[in-house]
Structures are given as C-alpha cells and as structure tokens.
Amino acid sequence: MLIYFVALLPVLGWGFMPIIANLRKSTPEEQLLGTSISALVFAFILFWMVSPEVTLASFIVSFVSGIFWSFGQLLQFKGIAASSVAKAMPISNGTQLVGATLFAVLIFHEWQTVSAVVIGIFAVIFILVGVVMTGFQKRGNHIKESVSIHVYAIVILSSFFLTLYVVTNQLFHVTGFAIILPQAIGMLTCAIGINLAKKSAISRKNITFNLLTGLSWSIANLGMFLATAVLGVATSFSISQACVIVATIGGILIFKQKKSPLEWTFILSGVGLIMGGVVMLSLLK
C-alpha cells in the first residue's frame, strides 16, 4: 500500500508544479532558475544519502539531459504564460507522450507485433484528440478551439526538448540514482546561462518563491524513481501521467477560471482520452 502512495507523488508533484510556479507573477526565466536551484539542493541531499556510482560518461550524458530539460521547461513556462496552466499542460503532457512513443518505436523498436502497432496508433490518436478537446471554449452558441497556433508551437517545441531529456539517459543506458545529481547540475548551469543571456533584472523574491516549484518537481522525480523500482515502468508511468488531471482541473479551480457545463464536458472528456491513451501505451511497455 505504501508504494502506491509513493507512486502518487509524481501525480501530485508534477501536477501542482506549474500551478505553484504561477501563483506568483514570475517570468519564465525566474521560474526556471528557482526550480533548478531547488532541484540541485534536493539532488545533493539524495546523492549524499544514496552515494550512487557516477562515471565520467554517465555524468556527461545526464548533464546533457539536464540541459534539454532546462530548454524544455523554459518553453513550457512560456507556453503557460501565453495561455494558462489548464490549457498548456494537457498539450504538454500529450505531446510528450507522443514524442516518447515515437522514440520508442523508431529508436528502441518497441512495437514488434501487429497488435502492438494497432494499439499504439489508437493510443496516439486518443491522446491527440484529447489534447485538442481540452482547449475547446464556448463562444456564443458554439464551442471552438481557444488555444492559438503560437501556444501550440511553443509547447510542442517544449515537449521535443523534454522528450530528449527523458530518452537521452535511456539511449546511453544510464539508469538509477546516478542520473539525478549530474542532471540537476546541467539543469542549473543552463538556467543560469539563460538568465544571463536575457540581460534584464531578475527578482530574488520570485526566484526564492520558485524554490517551492523545484521542491514539487524533485519530490515527483524521486517518487517516480522509487515507484519504478518496485512497480515497474509500465505501472508507475501510467500512474504518474495522471498529473495531467491535477494540472488541468487544479489550474481551472485554483485560478478561478469560469467554465460552462459544455466546456467542462469537453475538458473532462479530453483528459479521459489522454489517460485512455496512457493506459493503452502502458500495455505495450
């Protein structure tokens, strides 16, 4: 029973992370820097407790994956700033799932049978349709897509980098707790570089506040590691992706966005389709 509670940590941590980041009017760069600092502190504590073996090769691979995360997370924050948590996060989660699936098929050759291909294609369709449905908004007597092409472009590019962040270590067979500290160093190094390149004043209060964002992310990341070790990738992965429910519905309720019954029907149906696609993909892992 305890391990299933641990498996829920990614749901809550990754679900509330974008909500926490947007409780204060911080820039995406400040959100990224605060999150990265907190993640590095958490990683140092975990490294001291576990003492995993880190080689030069594994350090470089994980460091690079951390850089990919920083670019992806920055763009995700920008996508949220240009729309809202409830609109951007289903797109982000959905396109990351599709991206990871494409890598699994094209690079890791995971779909070996006809049934796997059929299930996988239907899963991707479910996810993409669900993503579009969550963005519908009532205008007059009609329901229309309310997310702009600009936001879609930012979030999809974000998902590209976040997918690279996930698959880089897998591609080079770097696993376990050896990933966490080098990855966090890469995250913070890139975040500092991004803020220096911006050449504009940053708020220390905003960065300090976003340490909470990083704590939420770090707890989710740790929960995913622990759950995967006991439950396996398929089960822990499926449970963790329920974070889209927390981010979408939580974002609407916490930021007091008014939705009509018809809009709620589309949003909940869209989230349901995304989760249905997740379950189907988990059957193939």
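Asn22, Leu23, Arg24, Lys25, Ser26, Ile80, Ala81, Ser83, Ser84, Val85, Phe255 and Gln257 line the second largest pocket. This lining divides into 5 nonpolar, 5 polar and 2 charged residues, where Ala, Val, Leu, Ile, Met, Phe, Trp, Tyr, Cys and Pro count as nonpolar, Asp, Glu, Lys and Arg as charged, and the others, Gly among them, as polar. The pocket holds about 200 Å³ of space.

A word on the source: this is a predicted model, in which local features need pLDDT of at least 70 and side-chain atom pairs count only at pLDDT 80 or more, while totals for chains, interfaces and linings use all residues. Residues are numbered from 1 along each chain as its sequence is written, and side-chain values use heavy atoms, with hydrogens and water left out.

A pocket here is an open set of points on a 1 Å grid over the protein atoms alone, where a 1.4 Å probe fits, with protein on both sides within 12 Å along at least five of seven lines; lining residues have an atom within 4 Å of a point. Volume is the space filled by probe spheres set on the points, which are joined across faces, edges and corners.

| Pocket | Volume | Lining |
|---|---|---|
| Largest pocket | about 1300 Å³ | 23 nonpolar, 15 polar and 2 charged residues |
| Second largest pocket | about 200 Å³ | 5 nonpolar, 5 polar and 2 charged residues |

Of the 40 residues lining the largest pocket, Trp14, Tyr165, Val166, Met224 and Phe237 lie nearest its centre. Several helices each supply at least two residues of this lining, among them H2 (9-21), H4 (56-82), H5 and H7 (149-171). Helices (H or I, at least four residues) and strands (E, at least two) are DSSP runs, numbered from the N terminus.

How far apart are the end C-alpha atoms of helix H5? They are 31 Å apart, which agrees with the 32 Å that the 22 residues of H5 (residues 85-106) should span at 1.5 Å a residue; the expected span is 1.5 Å times one less than the number of residues. Because 16 of those 22 residues are buried, H5 is largely enclosed by the rest of the structure. Buried means under 20% relative accessible area, exposed over 50%, and partly exposed in between (1.4 Å probe, protein chains only).

Thr95 lies in H5 and is buried, at 15% relative accessible area. Its side chain makes a polar contact of 2.6 Å with the side chain of Ser159. A polar atom of the Thr95 side chain also lies 2.6 Å from the backbone oxygen of Ile91.

Now for the rings: the whole structure has 6 aromatic pairs, with ring centres of Phe, Tyr or Trp (its six-membered ring) within 6.5 Å; planes under 30 degrees apart count as stacked, over 60 as edge-to-face and the rest as tilted. Phe136 and Phe266 form a tilted pair, 5.1 Å centre to centre with 55 degrees between the planes. This pair links strand E1 (residues 136-139) to helix H13 (residues 261-282), its partners being 130 residues apart. Phe177 and Phe225 are stacked, at 5.5 Å and 20 degrees. Phe177 lies in the loop between H7 and H8 (180-198) and Phe225 in H10, so the pair ties together parts that are 48 residues apart in sequence.

Finally, His173, found in the loop between H7 and H8, is exposed at 69% relative accessible area.

Definitions and conventions: Polar contact = N/O pair within 3.5 Å; in protein donor to acceptor, adjacent residues only side chain to side chain.
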